[in-house]
Amino acid sequence: MADVKIPLSVPNLTGRELEYVTSAVKAEWVSTAGPYIMDFEKAIAKYVKVPAAAACQSGTAGLHLAMMTLGIQAGEEVIVPTVTFIAAVNPVRYVGAEPVFMDCDDSLTIDVNKLRKFCTEECLFDGENLINKTSGRKISSIVVVHVFGNLADMESIMDIADTYHLKVLEDATEALGSYYMSGKYKGYFAGTIGDMGVYSFNGNKIITTGGGGMIVSHEEELVERSRFLSTQAKKDILYFVHEEIGYNYRMTNLQAALGLAQIEQLEEFIEVKKKNYEIYCSSGMKLLPFKDGIRSNYWFYSYLTKKRDGLIKYLDENGVQSRPIWKLIHTLKPYRDSQAYQIEKALWYYERVVNIPCSTNLTEREAAYVSELINDYDA
Ligand SMILES: *Cc1c(COP(=O)(O)O)cnc(C)c1O
């Protein structure tokens, strides 16, 4: 590997991060209690317009907590996309449930036509429960992933969920800041339409706390329940009474200090991401579009190529980091035996999409350099 001169996606910590973290250290509030945690929860809740949010250790922990909070039971099935980072799917297994994999559409998010077709043709609905004819198991929920900051078709998904009594968990880990500008959910942010939503603040996400996550919902009790499970399910703080099994998933004050400084800059980050996306496009490069009728956060850019592996290698040799999209989850060892429904487009995109540098500190010159390399190689 050549030296990386232009990384794929790295943090940008040029706001008040140092000030807030220093203040947390000075106050000696570094663990899972402290004022920044609540301040950060409130800041996220206000930003995405929900009544409450619960901060946790990672997006993965958040998804696990949300699945437990929604009551997803062992032996049930959960519909998931195959185009996603694996952390959207693993928590299904953590709770003892089984995934059923769906294809994507041209936005790389779940194909709602196939989703509907699967529910009507491959399942039986008795007015209460949706039963998968293949496995005989109950399907209780759907995990929606807003891939790369694009938005899935939530209007159709919520309609299908309503018809078949399915719960909807939005994996909005990549889409903090994306919202609908038209349609039924105009003004609604990614993560706030389904029953629950989860954000991630991992180092490569649009804002970071080093590692961290946030659970949101319009139903405050669900958020409280998640927070309760994240803090060891402690019923009585003084006498340490626990009536259920809990988890040590709470965010620390240090992480939250970073997060608070980061969210102050989120709108600026989105502006930079949008501008760089447009610089790439104006060079003639073919990037997958973000949907009409939404304000995307432009988190990751997807370049379409016929020479995926060669391009990645060529960019690497020139100091530019890039990568293919994730290996499709239904083809990975832990999930090879799981049901996958008519996966076609996902395979096509898997072979062609390359994610290219998109950090918020990518300069215009760097973007121009990357596009020159790509245009030369793919000409
Ligand atoms: C990043 C990511 C997660 C997991 O978040 P972590 O904070 O890294 O645990 C889950 N799902 C998707 C789609 C992601 O991109």
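Visitor: Is glutamate 267 buried, partly exposed or exposed?
Guide: This is a predicted model, where local features need pLDDT of at least 70, side-chain atom pairs count only at pLDDT 80 or more, and totals for chains, interfaces and linings use all residues. Residues are numbered from 1 along each chain as its sequence is written, and side-chain values use heavy atoms, with hydrogens and water left out. Buried means under 20% relative accessible area, exposed over 50%, and partly exposed in between (1.4 Å probe, protein chains only). At 35% relative accessibility, glutamate 267 is therefore partly exposed.

Visitor: Which residue forms a salt bridge with glutamate 267?
Guide: A salt bridge puts a side-chain nitrogen of Lys or Arg within 4 Å of a carboxyl oxygen of Asp or Glu. Here the closest N and O atoms are 3.0 Å apart. The partner is arginine 295.

Visitor: How many residues apart in sequence are the parts that glutamate 267 and arginine 295 tie together?
Guide: Helices (H or I, at least four residues) and strands (E, at least two) are DSSP runs, numbered from the N terminus. Glutamate 267 lies in helix 9 (residues 266-282). Arginine 295 lies in strand 13 (residues 294-295), so the pair ties together parts separated by 28 residues.

Visitor: Is arginine 295 buried or exposed?
Guide: Its relative accessible area is 16%. The cut-off is passed, so arginine 295 is buried.

Visitor: How many salt bridges does the structure hold?
Guide: Aspartate 106 and lysine 345 meet in one, at 3.1 Å, N to O. Glu41, Arg227 and Arg250 are linked in a network of them. The structure's total is 17.
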